[in-house]
Amino acid sequence: MFSFKTSALAALAGISLAVIPPIVRSATIDITVGGPNGTVAYAPEYVNASIGDVVRFTFEQKNHTVTQSSFASPCSPLANGFDSGFVPVADNVTSDFITAELTIENTDPVWVYCRQTGHCEQGMVFAVNPGSDAKFAAFKAAAMGLNSTTTASASVVTVTATVTVSDGDTITTTYGSYPGSAAPTAAISTDHRVIVGDNGTLTYNPANVTAQIGDTITFEFHQKNHTVTQSSFADPCTPLSASSPGTVSFDSGFMPVSTNATTFPTVTIQINDTKPFWAYCRQTTPVSHCESGMVFSVNAVESSNSSFEAFQAKALALNATSASGSASLSSPSATSSSNGALSIHGICDAGIVIVVVSAIVGAFL
(Lines give C-alpha, C1' and ligand atoms only; values in the text may rest on other atoms or scores of the structure.)
Protein backbone atom coordinates (compact mmCIF):
# COMPACT_ATOMS: atom_id res chain seq x y z
CA MET A 1 0.00 0.00 0.00
CA PHE A 2 1.24 3.48 -0.88
CA SER A 3 -0.38 6.56 0.66
CA PHE A 4 0.15 10.27 1.30
CA LYS A 5 0.22 11.92 4.72
CA THR A 6 1.38 15.21 6.19
CA SER A 7 3.46 15.63 9.31
CA ALA A 8 1.12 18.25 10.76
CA LEU A 9 -2.32 17.26 9.49
CA ALA A 10 -4.37 14.14 8.95
CA ALA A 11 -4.02 12.35 5.62
CA LEU A 12 -5.21 14.58 2.78
CA ALA A 13 -4.78 12.34 -0.23
CA GLY A 14 -3.71 8.81 -1.02
CA ILE A 15 -3.12 6.26 -3.71
CA SER A 16 -4.45 2.82 -2.94
CA LEU A 17 -2.69 0.46 -5.28
CA ALA A 18 -4.22 -2.80 -4.17
CA VAL A 19 -6.81 -4.19 -1.80
CA ILE A 20 -4.76 -5.89 0.89
CA PRO A 21 -5.52 -7.10 4.39
CA PRO A 22 -4.35 -4.97 7.32
CA ILE A 23 -0.69 -5.42 8.14
CA VAL A 24 0.80 -4.90 11.58
CA ARG A 25 3.52 -2.30 11.32
CA SER A 26 6.74 -3.15 13.08
CA ALA A 27 9.14 -0.38 12.07
CA THR A 28 9.14 2.94 10.22
CA ILE A 29 12.09 3.68 7.93
CA ASP A 30 12.55 7.32 6.93
CA ILE A 31 13.71 8.39 3.47
CA THR A 32 14.36 12.00 2.43
CA VAL A 33 13.37 12.88 -1.14
CA GLY A 34 15.34 15.80 -2.56
CA GLY A 35 16.40 18.57 -0.22
CA PRO A 36 17.99 22.03 -0.09
CA ASN A 37 20.43 23.30 -2.70
CA GLY A 38 18.85 21.28 -5.46
CA THR A 39 19.59 17.83 -4.05
CA VAL A 40 18.76 15.14 -6.62
CA ALA A 41 18.79 12.03 -4.45
CA TYR A 42 16.93 9.79 -2.03
CA ALA A 43 18.68 9.51 1.34
CA PRO A 44 19.47 6.76 2.06
CA GLU A 45 19.49 5.27 -1.43
CA TYR A 46 18.28 1.84 -0.38
CA VAL A 47 17.05 0.02 2.71
CA ASN A 48 16.27 -3.49 3.88
CA ALA A 49 12.79 -3.91 5.34
CA SER A 50 10.70 -6.68 6.82
CA ILE A 51 7.07 -7.52 6.12
CA GLY A 52 4.87 -4.97 7.88
CA ASP A 53 7.55 -2.28 7.99
CA VAL A 54 6.66 1.17 6.67
CA VAL A 55 9.00 3.12 4.39
CA ARG A 56 8.17 6.80 4.89
CA PHE A 57 9.23 9.22 2.13
CA THR A 58 9.54 12.88 3.16
CA PHE A 59 9.40 15.26 0.19
CA GLU A 60 11.73 18.21 0.66
CA GLN A 61 12.67 21.09 -1.65
CA LYS A 62 12.21 21.08 -5.43
CA ASN A 63 9.79 18.82 -7.30
CA HIS A 64 10.24 15.05 -7.18
CA THR A 65 8.31 11.80 -7.38
CA VAL A 66 8.49 8.32 -5.87
CA THR A 67 7.69 6.10 -8.86
CA GLN A 68 7.96 2.33 -8.97
CA SER A 69 10.05 0.90 -11.80
CA SER A 70 11.88 -2.38 -12.43
CA PHE A 71 15.46 -3.59 -12.33
CA ALA A 72 15.41 -4.06 -16.10
CA SER A 73 14.01 -0.58 -16.84
CA PRO A 74 15.07 1.69 -13.96
CA CYS A 75 13.77 4.94 -15.48
CA SER A 76 10.39 3.71 -16.74
CA PRO A 77 7.22 3.34 -14.65
CA LEU A 78 6.23 -0.21 -13.81
CA ALA A 79 2.83 -1.21 -15.19
CA ASN A 80 0.33 -1.07 -12.32
CA GLY A 81 3.08 0.16 -10.01
CA PHE A 82 2.71 2.97 -7.50
CA ASP A 83 3.49 6.61 -8.26
CA SER A 84 3.34 9.53 -5.84
CA GLY A 85 2.98 12.05 -8.64
CA PHE A 86 4.98 15.28 -8.58
CA VAL A 87 5.28 16.93 -5.17
CA PRO A 88 6.51 20.54 -5.59
CA VAL A 89 8.08 22.05 -2.46
CA ALA A 90 9.29 25.66 -2.45
CA ASP A 91 12.87 26.48 -1.46
CA ASN A 92 11.67 28.50 1.54
CA VAL A 93 9.69 25.62 3.06
CA THR A 94 11.57 24.19 6.03
CA SER A 95 8.92 22.23 7.94
CA ASP A 96 5.57 20.42 7.63
CA PHE A 97 6.77 18.48 4.60
CA ILE A 98 4.46 16.12 2.74
CA THR A 99 5.13 12.44 3.39
CA ALA A 100 4.12 9.26 1.60
CA GLU A 101 4.18 5.80 3.14
CA LEU A 102 4.85 2.43 1.54
CA THR A 103 3.86 -0.58 3.62
CA ILE A 104 6.00 -3.63 2.84
CA GLU A 105 3.90 -6.68 1.99
CA ASN A 106 6.73 -9.09 1.12
CA THR A 107 10.51 -9.13 0.90
CA ASP A 108 10.74 -8.94 -2.90
CA PRO A 109 12.90 -6.08 -4.24
CA VAL A 110 11.09 -2.79 -4.84
CA TRP A 111 12.76 -0.48 -7.36
CA VAL A 112 11.99 3.26 -7.43
CA TYR A 113 13.03 6.35 -9.37
CA CYS A 114 12.18 10.05 -9.69
CA ARG A 115 10.46 10.78 -12.98
CA GLN A 116 11.30 14.48 -13.01
CA THR A 117 13.10 15.06 -16.31
CA GLY A 118 16.72 13.92 -16.09
CA HIS A 119 16.69 13.04 -12.39
CA CYS A 120 16.75 9.27 -12.85
CA GLU A 121 19.57 9.57 -15.37
CA GLN A 122 21.47 11.58 -12.74
CA GLY A 123 21.18 8.63 -10.36
CA MET A 124 18.04 9.54 -8.38
CA VAL A 125 16.92 5.96 -7.75
CA PHE A 126 15.99 3.99 -4.65
CA ALA A 127 15.36 0.40 -3.63
CA VAL A 128 13.83 -1.66 -0.86
CA ASN A 129 15.47 -5.05 -0.32
CA PRO A 130 17.71 -4.90 -3.42
CA GLY A 131 19.46 -8.12 -2.38
CA SER A 132 23.01 -6.80 -2.18
CA ASP A 133 25.13 -3.67 -2.49
CA ALA A 134 26.29 -4.87 -5.90
CA LYS A 135 22.76 -5.30 -7.22
CA PHE A 136 21.73 -1.80 -6.18
CA ALA A 137 24.94 -0.44 -7.72
CA ALA A 138 24.05 -2.19 -10.97
CA PHE A 139 20.50 -0.72 -10.86
CA LYS A 140 21.87 2.80 -10.36
CA ALA A 141 24.51 2.33 -13.05
CA ALA A 142 21.85 1.20 -15.52
CA ALA A 143 19.83 4.34 -14.78
CA MET A 144 22.82 6.64 -15.20
CA GLY A 145 23.82 4.83 -18.37
CA LEU A 146 20.64 6.18 -19.99
CA ASN A 147 21.91 9.74 -19.60
CA SER A 148 23.83 9.75 -22.86
CA THR A 149 20.89 8.47 -24.92
CA THR A 150 17.91 10.22 -23.31
CA THR A 151 16.59 13.47 -24.71
CA ALA A 152 14.19 15.39 -22.48
CA SER A 153 10.81 16.19 -23.95
CA ALA A 154 8.29 18.82 -22.92
CA SER A 155 5.13 16.78 -22.98
CA VAL A 156 3.15 15.30 -20.10
CA VAL A 157 2.61 12.09 -18.18
CA THR A 158 -1.07 11.26 -18.42
CA VAL A 159 -3.85 9.28 -16.78
CA THR A 160 -7.13 8.91 -18.65
CA ALA A 161 -10.58 8.71 -17.08
CA THR A 162 -14.17 9.27 -18.18
CA VAL A 163 -15.93 12.19 -16.49
CA THR A 164 -19.40 13.70 -16.81
CA VAL A 165 -20.08 17.21 -18.06
CA SER A 166 -23.31 19.16 -18.42
CA ASP A 167 -26.59 17.30 -19.09
CA GLY A 168 -25.11 13.98 -18.00
CA ASP A 169 -22.92 13.48 -21.06
CA THR A 170 -19.38 12.25 -20.65
CA ILE A 171 -15.93 13.25 -21.83
CA THR A 172 -12.73 11.28 -21.75
CA THR A 173 -10.30 13.34 -19.71
CA THR A 174 -6.54 13.02 -19.74
CA TYR A 175 -4.77 14.38 -16.65
CA GLY A 176 -1.17 15.58 -16.99
CA SER A 177 1.17 15.81 -14.02
CA TYR A 178 4.20 17.82 -15.15
CA PRO A 179 6.27 18.76 -18.23
CA GLY A 180 9.01 16.36 -19.21
CA SER A 181 7.29 13.00 -19.49
CA ALA A 182 5.59 10.83 -22.12
CA ALA A 183 3.13 12.28 -24.63
CA PRO A 184 -0.64 11.78 -24.22
CA THR A 185 -1.85 8.38 -25.34
CA ALA A 186 -5.09 9.46 -26.99
CA ALA A 187 -5.25 10.86 -30.51
CA ILE A 188 -5.81 14.62 -30.63
CA SER A 189 -6.33 17.25 -33.31
CA THR A 190 -5.68 20.61 -31.65
CA ASP A 191 -4.35 21.52 -28.21
CA HIS A 192 -5.76 24.73 -26.72
CA ARG A 193 -3.41 26.17 -24.10
CA VAL A 194 -5.01 28.13 -21.26
CA ILE A 195 -2.88 30.17 -18.85
CA VAL A 196 -4.22 30.01 -15.30
CA GLY A 197 -3.36 33.19 -13.38
CA ASP A 198 -1.72 34.94 -16.33
CA ASN A 199 0.66 37.68 -15.09
CA GLY A 200 -0.66 37.36 -11.56
CA THR A 201 -4.27 38.09 -12.54
CA LEU A 202 -7.36 36.19 -11.38
CA THR A 203 -8.12 34.94 -14.88
CA TYR A 204 -7.98 32.04 -17.28
CA ASN A 205 -6.54 33.21 -20.59
CA PRO A 206 -8.47 32.62 -22.78
CA ALA A 207 -11.54 32.30 -20.56
CA ASN A 208 -13.76 30.57 -23.14
CA VAL A 209 -12.58 27.98 -25.63
CA THR A 210 -14.36 26.51 -28.62
CA ALA A 211 -13.14 22.93 -29.02
CA GLN A 212 -13.89 20.12 -31.42
CA ILE A 213 -14.20 16.44 -30.59
CA GLY A 214 -10.68 15.06 -30.12
CA ASP A 215 -9.17 18.43 -29.14
CA THR A 216 -7.30 18.81 -25.88
CA ILE A 217 -7.15 21.73 -23.48
CA THR A 218 -3.96 22.19 -21.49
CA PHE A 219 -4.17 24.35 -18.38
CA GLU A 220 -0.79 25.85 -17.53
CA PHE A 221 -0.68 27.09 -13.92
CA HIS A 222 1.27 30.30 -13.35
CA GLN A 223 2.10 32.26 -10.20
CA LYS A 224 -0.08 32.22 -7.07
CA ASN A 225 -2.23 29.25 -6.18
CA HIS A 226 -5.19 28.29 -8.36
CA THR A 227 -7.39 25.36 -9.33
CA VAL A 228 -9.46 24.25 -12.30
CA THR A 229 -12.60 22.84 -10.68
CA GLN A 230 -15.60 21.60 -12.61
CA SER A 231 -18.88 23.31 -11.71
CA SER A 232 -22.21 23.97 -13.43
CA PHE A 233 -23.86 26.93 -15.11
CA ALA A 234 -26.44 27.07 -12.32
CA ASP A 235 -23.83 27.06 -9.52
CA PRO A 236 -20.64 28.56 -10.97
CA CYS A 237 -18.68 28.69 -7.68
CA THR A 238 -19.65 25.26 -6.31
CA PRO A 239 -17.91 22.01 -7.24
CA LEU A 240 -20.09 19.84 -9.44
CA SER A 241 -19.47 16.99 -7.02
CA ALA A 242 -21.17 19.10 -4.30
CA SER A 243 -24.00 20.65 -6.32
CA SER A 244 -24.82 17.32 -8.00
CA PRO A 245 -23.89 14.56 -5.52
CA GLY A 246 -22.94 11.32 -7.22
CA THR A 247 -21.99 13.05 -10.46
CA VAL A 248 -18.52 12.23 -11.71
CA SER A 249 -16.39 15.38 -11.96
CA PHE A 250 -12.80 16.53 -11.80
CA ASP A 251 -10.69 18.98 -9.82
CA SER A 252 -7.07 19.83 -10.55
CA GLY A 253 -6.46 20.61 -6.88
CA PHE A 254 -4.46 23.61 -5.74
CA MET A 255 -1.36 24.28 -7.83
CA PRO A 256 0.96 26.63 -5.89
CA VAL A 257 3.54 28.28 -8.14
CA SER A 258 6.25 30.54 -6.72
CA THR A 259 6.86 34.03 -8.09
CA ASN A 260 10.26 33.07 -9.49
CA ALA A 261 9.11 29.86 -11.20
CA THR A 262 10.18 29.30 -14.79
CA THR A 263 8.51 25.93 -15.36
CA PHE A 264 4.83 25.39 -14.77
CA PRO A 265 2.63 22.38 -13.95
CA THR A 266 -0.09 21.47 -16.44
CA VAL A 267 -3.36 19.55 -16.52
CA THR A 268 -4.73 18.40 -19.88
CA ILE A 269 -8.30 17.33 -20.65
CA GLN A 270 -9.52 15.77 -23.87
CA ILE A 271 -12.91 16.59 -25.39
CA ASN A 272 -15.11 13.98 -27.09
CA ASP A 273 -18.31 15.98 -27.44
CA THR A 274 -19.25 19.65 -27.88
CA LYS A 275 -21.51 20.15 -24.87
CA PRO A 276 -20.73 23.23 -22.70
CA PHE A 277 -18.26 22.62 -19.90
CA TRP A 278 -17.96 24.95 -16.87
CA ALA A 279 -15.13 25.45 -14.38
CA TYR A 280 -13.85 27.90 -11.77
CA CYS A 281 -10.98 28.55 -9.35
CA ARG A 282 -11.90 27.54 -5.80
CA GLN A 283 -9.23 29.60 -4.04
CA THR A 284 -10.84 31.80 -1.36
CA THR A 285 -7.82 33.52 0.21
CA PRO A 286 -7.55 36.48 0.50
CA VAL A 287 -10.74 36.78 -1.60
CA SER A 288 -12.90 34.36 -3.55
CA HIS A 289 -11.30 34.00 -6.97
CA CYS A 290 -14.53 32.68 -8.49
CA GLU A 291 -16.59 35.56 -7.13
CA SER A 292 -13.94 37.87 -8.60
CA GLY A 293 -14.77 36.45 -12.03
CA MET A 294 -12.17 33.70 -12.33
CA VAL A 295 -14.29 31.23 -14.29
CA PHE A 296 -13.81 29.25 -17.48
CA SER A 297 -15.90 27.49 -20.11
CA VAL A 298 -15.58 25.19 -23.08
CA ASN A 299 -18.10 25.47 -25.91
CA ALA A 300 -20.39 27.97 -24.18
CA VAL A 301 -23.11 28.97 -26.63
CA GLU A 302 -22.53 32.69 -26.97
CA SER A 303 -25.81 33.31 -28.79
CA SER A 304 -27.85 31.83 -25.93
CA ASN A 305 -28.72 32.75 -22.35
CA SER A 306 -26.02 30.31 -21.26
CA SER A 307 -23.11 32.29 -22.68
CA PHE A 308 -19.73 32.64 -20.99
CA GLU A 309 -20.57 36.25 -20.13
CA ALA A 310 -23.77 35.09 -18.39
CA PHE A 311 -21.83 32.41 -16.50
CA GLN A 312 -19.24 34.93 -15.34
CA ALA A 313 -21.95 37.41 -14.36
CA LYS A 314 -23.57 34.77 -12.14
CA ALA A 315 -20.22 34.23 -10.40
CA LEU A 316 -19.63 37.96 -9.92
CA ALA A 317 -23.16 38.37 -8.56
CA LEU A 318 -22.28 36.05 -5.68
CA ASN A 319 -19.69 38.56 -4.49
CA ALA A 320 -22.36 41.15 -3.80
CA THR A 321 -24.18 38.77 -1.45
CA SER A 322 -21.08 37.69 0.49
CA ALA A 323 -20.35 39.28 3.84
CA SER A 324 -17.86 42.11 3.55
CA GLY A 325 -14.35 40.97 4.39
CA SER A 326 -15.41 37.35 4.70
CA ALA A 327 -12.88 34.66 3.89
CA SER A 328 -15.22 31.72 4.39
CA LEU A 329 -14.48 28.59 2.43
CA SER A 330 -16.70 26.99 -0.15
CA SER A 331 -15.75 23.54 1.10
CA PRO A 332 -13.34 21.97 3.62
CA SER A 333 -11.06 20.91 0.76
CA ALA A 334 -10.55 24.53 -0.29
CA THR A 335 -8.80 25.61 2.92
CA SER A 336 -5.78 27.73 2.04
CA SER A 337 -3.56 25.96 4.54
CA SER A 338 -4.42 22.58 3.08
CA ASN A 339 -2.53 20.70 0.41
CA GLY A 340 -3.89 20.37 -3.11
CA ALA A 341 -4.51 17.11 -4.86
CA LEU A 342 -5.72 16.25 -8.33
CA SER A 343 -9.00 14.43 -7.77
CA ILE A 344 -11.61 12.68 -9.84
CA HIS A 345 -14.85 12.42 -7.89
CA GLY A 346 -17.00 9.34 -8.33
CA ILE A 347 -14.62 7.19 -10.36
CA CYS A 348 -14.27 3.74 -8.84
CA ASP A 349 -12.37 1.77 -11.46
CA ALA A 350 -10.21 4.35 -13.24
CA GLY A 351 -6.88 2.81 -12.22
CA ILE A 352 -4.09 4.92 -10.74
CA VAL A 353 -4.79 8.63 -10.43
CA ILE A 354 -1.75 10.91 -10.43
CA VAL A 355 -1.88 13.12 -7.36
CA VAL A 356 0.04 16.39 -7.19
CA VAL A 357 0.45 17.48 -3.61
CA SER A 358 2.02 20.77 -2.61
CA ALA A 359 3.42 22.02 0.68
CA ILE A 360 2.47 25.25 2.46
CA VAL A 361 -0.06 26.56 -0.03
CA GLY A 362 -0.44 29.91 1.72
CA ALA A 363 3.12 30.90 0.90
CA PHE A 364 2.15 31.34 -2.74
CA LEU A 365 -1.04 33.38 -2.36
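The sulfur of Cys-114 lies 8.3 Å from the closest cysteine sulfur, that of Cys-120, which is too far for a bond; a disulfide here is a pair of cysteine sulfur atoms within 2.5 Å. The model is predicted, so local features need pLDDT of at least 70 and side-chain atom pairs count only at pLDDT 80 or more, while totals for chains, interfaces and linings use all residues. Residues are numbered from 1 along each chain as its sequence is written, and side-chain values use heavy atoms, with hydrogens and water left out.

Cys-114 is buried at 0% relative accessible area (buried: under 20%; exposed: over 50%; partly exposed: in between; 1.4 Å probe, protein chains only). Cys-281 is likewise in no disulfide, and the nearest cysteine sulfur, in Cys-290, is 8.3 Å away.

| Disulfide | S-S distance | Angle about S-S bond |
|---|---|---|
| Cys-75 and Cys-120 | 1.9 Å | -85° |
| Cys-237 and Cys-290 | 2.0 Å | -85° |

Cys-237 sits in the loop between strand S20 and helix H2 (240–243), and Cys-290 in the loop between S24 and S25, so their bond ties together parts 53 residues apart in sequence. Helices (H or I, at least four residues) and strands (E, at least two) are DSSP runs, numbered from the N terminus.

S24 (residues 277–280) pairs antiparallel with S20 (residues 229–230) over two bridges, and four bridges join S24 to S25 (residues 295–298), also antiparallel; pairing requires at least two DSSP bridges.
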